[in-house]
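Subject: Structure for your files

Dear colleague,

Here is the structure I said I would pass on. My notes follow below it.

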Amino acid sequence: MFEKSVSKMRLSDLMKATNDFSNNNIIGAGRTGPMYKAVFSEGRFLMVKRLQDSQRLEKEFVSEMNTLGNVKHRNLVPLLGFCVAKKERFLVYKFMENGTLYDKLHPAEPEIRNMDWPLRLKIAIGAARGLAWLHHNCNPRIIHRNISSKCILLDDDFEPKLSDFGLARLMNPIDTHLSTFVNGEFGDLGYVAPEYHRTLVATPKGDVYSFGVVLLELITGEKPTHVANAPETFRGSLAEWIRQLSDDLLLHTAVDKTLPGNGFDHELNQFLKVACKCVVENAKERPTMFEVHQLLRAIGERYHFTTEDDIILPSHTGDTAFPDELIVANEVTREVD
């Protein structure tokens with residue numbers, strides 16, 4: 001069934017594998033729909049996303065699936081199959097053993113969180129690599145539009161994999177710069193770039209902002225919308241709190257208390273600076289994802305997380321080289337294992 005890049009699957013098989021889409025099988029829920037753990041008869045574990053309000057016609061949906069099925073990179077969750085059943089649409093992915101980054105960073109019982117600094121840095125570098133590849137080297141190039149720690153999944157070796165890439169494109173009936181958000185929504189609270197409410201246009205720098213919030217989660221241990229260590233009178237987001245601390249020269253107080261004093265302090269300071277660059281209010285002042293990836297790789301150089309650089313230097317790094325609508329880039333598609 002999985003010899004081809006992406007397979008058309010039967011609803012009856014998906015129902016059986018998910019116990020009729022039982023709530024007990026839900027392993028994640030986002031604004032594009034719930035994700036279910038699926039167990040097939042041959043003992044293979046997969047994940048099934050049940051899309052909400054997809055407006056694509058079946059022919060267009062199948063065409064889009066074949067496109068996304070060919071977008072392959074080691075930091076993207078592999079799309080293995082899909083299903084069309086009346087008005088419902090399902091996507092089938094490879095199962096990720098360690099769940100979402102959000103659940104690892106913000107477990108129901110905080111005392112069970114066990115993520116040391118090298119692991120957090122490894123996850124940041126891998127996720128940045130995947131997003132930089134989508135922005136700069138994928139063909140067609142893709143703006144994710146919904147980056148959060150909930151869409152970063154972790155395999156059995158804690159290698160990060162971006163999920164939901166291309167879903168905003170998939171779920172909108174017309175792909176223009178005036179139709180860039182799923183169901184008119186901007187994204188998860190706390191991750192939305194401030195300019196989106198004004199422009200209604202998705203850009204690569206909007207993805208950079210959202211990714212910067214993920215970096216802040218990694219180094220502070222705080223949730224994007226609720227900052228436990230902030231004063232009770234503070235009602236803003238994590239990014240707003242960080243900007244406020246930066247103005248008061250108290251930025252170092254934001255770092256997760258379990259991280260300093262273990263020989264990583266210089267790396268923590270450098271990492272925090274990168275995160276702060278990503279969440280500045282002026283989009284033009286944010287780095288590109290290519291630059292973010294390079295900065296993070298430099299911080300983690302001594303760990304040898306990766307020995308090769310698989311992100312090609314883009315000929316243009318500014319937003320002008322990447323129209324707001326999704327386009328087919330001129331460069332040759334570069335498939336990365």
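Helix H4 (residues 117–136) packs against H10 at about 155 degrees, the two axes being 8 Å apart. H4 is therefore roughly antiparallel to H10, and the crossing is left-handed. H10 (residues 289–299) also packs with helix H7 (residues 204–220), at about 25 degrees and with axes 10 Å apart. H7 and H10 are therefore roughly parallel, and their crossing is right-handed.

Terms: helices (H or I, at least four residues) and strands (E, at least two) are DSSP runs numbered from the N terminus. Axes are lines fitted to C-alpha atoms, for helices over the stretch in contact, with angles from 0 to 180 degrees between N-to-C directions; under 35 degrees counts as roughly parallel, over 145 as roughly antiparallel.

This is a predicted model: local features need pLDDT of at least 70 and side-chain atom pairs 80 or more, while totals for chains, interfaces and linings use all residues. Residues are numbered from 1 along each chain as its sequence is written, and side-chain values use heavy atoms, without hydrogens and water.

The lining of the largest pocket draws on domain 1 (7–94) and domain 2 (99–302), so this pocket lies between them. A pocket here is an open set of points on a 1 Å grid where a 1.4 Å probe fits, with protein on both sides within 12 Å along at least five of seven lines; lining residues have an atom within 4 Å of a point. E2 (26–30) is among the elements that supply at least two lining residues each, and its four are the largest share.

Regards

Note on methods. Domain bounds come from an automatic or database domain assignment. Angles under 35 degrees count as roughly parallel, over 145 as roughly antiparallel, 65 to 115 as roughly perpendicular and the rest as oblique. A crossing is left-handed if the near helix is turned anticlockwise from the far one by less than a right angle, and right-handed if clockwise.
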